[in-house]
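I open this notebook to record what I looked up in the structure shown below. The entries follow the order of my searches.

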Amino acid sequence: GGIMPYIKVVGGSLTREQKDLLIKHLTQVASEIMEVPSEFFMTVIAELPDQNIGIGGRTIGLIKQDYQRSTGDLHE
């Protein structure tokens, strides 16, 4: 027997609808590419708060704040 394919996404907070779509589409694409039935895939979404993720020595929260100020974009 083979190993069940496992997909893991680590990122910021998502809505329930975003999670549903992400799991659905990742599974569909991986199933097509790997030629493994979608029923065999396990997908996990691990949400991390912005203050727990850093790029270049700065938290994502700070990076988002700077981006929003520079673009006038109020979405998070």
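Which residues are linked in a network of salt bridges? I find that Arg58, Asp66 and Arg69 are linked in this way.

**Basis.** The model is predicted, so I note that local features need pLDDT of at least 70, that side-chain atom pairs count only at pLDDT 80 or more, and that totals for chains, interfaces and linings use all residues. Residues are numbered from 1 along each chain as its sequence is written, and side-chain values use heavy atoms, with hydrogens and water left out.

Entry 1: I counted a salt bridge where a side-chain nitrogen of Lys or Arg lies within 4 Å of a carboxyl oxygen of Asp or Glu. Side chains of opposite charge can pair when their charged atoms come close. Arg58 and Asp66 meet through their side chains at 2.4 Å, N to O. Asp66 also meets Arg69, at 3.4 Å from N to O. Asp66 and Arg69 are 3 residues apart in helix H2, and therefore about one helical turn separates them.

I then looked up exposure, for which buried means under 20% relative accessible area, exposed over 50%, and partly exposed in between (1.4 Å probe, protein chains only). Arg58 is partly exposed at 33%, and Asp66 is partly exposed, also at 33%. Arg69 is exposed, with a relative accessibility of 62%.

**Entry 2: surroundings of Arg58.** I located Arg58 in strand S4 (residues 58-59); helices (H or I, at least four residues) and strands (E, at least two) are DSSP runs, numbered from the N terminus. With residues up to four places away in sequence set aside, Arg58 touches Ile53, Ile63 and Asp66, where contact means heavy atoms within 4.5 Å.

**Entry 3: a further salt bridge.** My search of the whole structure returned 4 salt bridges. One of them joins Asp50 and Lys64, with the closest N and O atoms 3.0 Å apart. Asp50 lies in the loop between S2 and strand S3 (54-55) and Lys64 in helix H2 (residues 60-71), so this pair ties together parts that are 14 residues apart in sequence. Asp50 is buried at 18% relative accessible area, whereas Lys64 is partly exposed at 29%.

**Entry 4: strands S1 and S2.** In which sense do strands S1 and S2 pair? I read a parallel pairing of S1 (residues 6-11) with S2 (residues 42-47) over 6 bridges; two strands pair if DSSP finds at least two bridges between them. Tyr6 has Met42 as its bridge partner in S2. I also noted that S1, H1 and S2 form a right-handed β-α-β unit.

**Entry 5: a nonpolar patch.** Val29, Ile33 and Met34 make a nonpolar surface patch of about 310 Å². I placed Met34 in helix H1 (residues 16-34), and recorded Met34 as partly exposed, at 48% relative accessible area. Patches are made of residues with over 30% relative accessible area and no salt bridge, like charges being joined within 9 Å and nonpolar side chains (Val, Leu, Ile, Met, Phe, Trp, Tyr) within 5 Å.

Terms used:
Accessible areas come from the Shrake-Rupley method with a 1.4 Å probe; for residues, only the protein chains shown count as cover. A crossover is right-handed if, with the strands pointing away from the viewer, the path from the first strand over the helix to the second runs clockwise.
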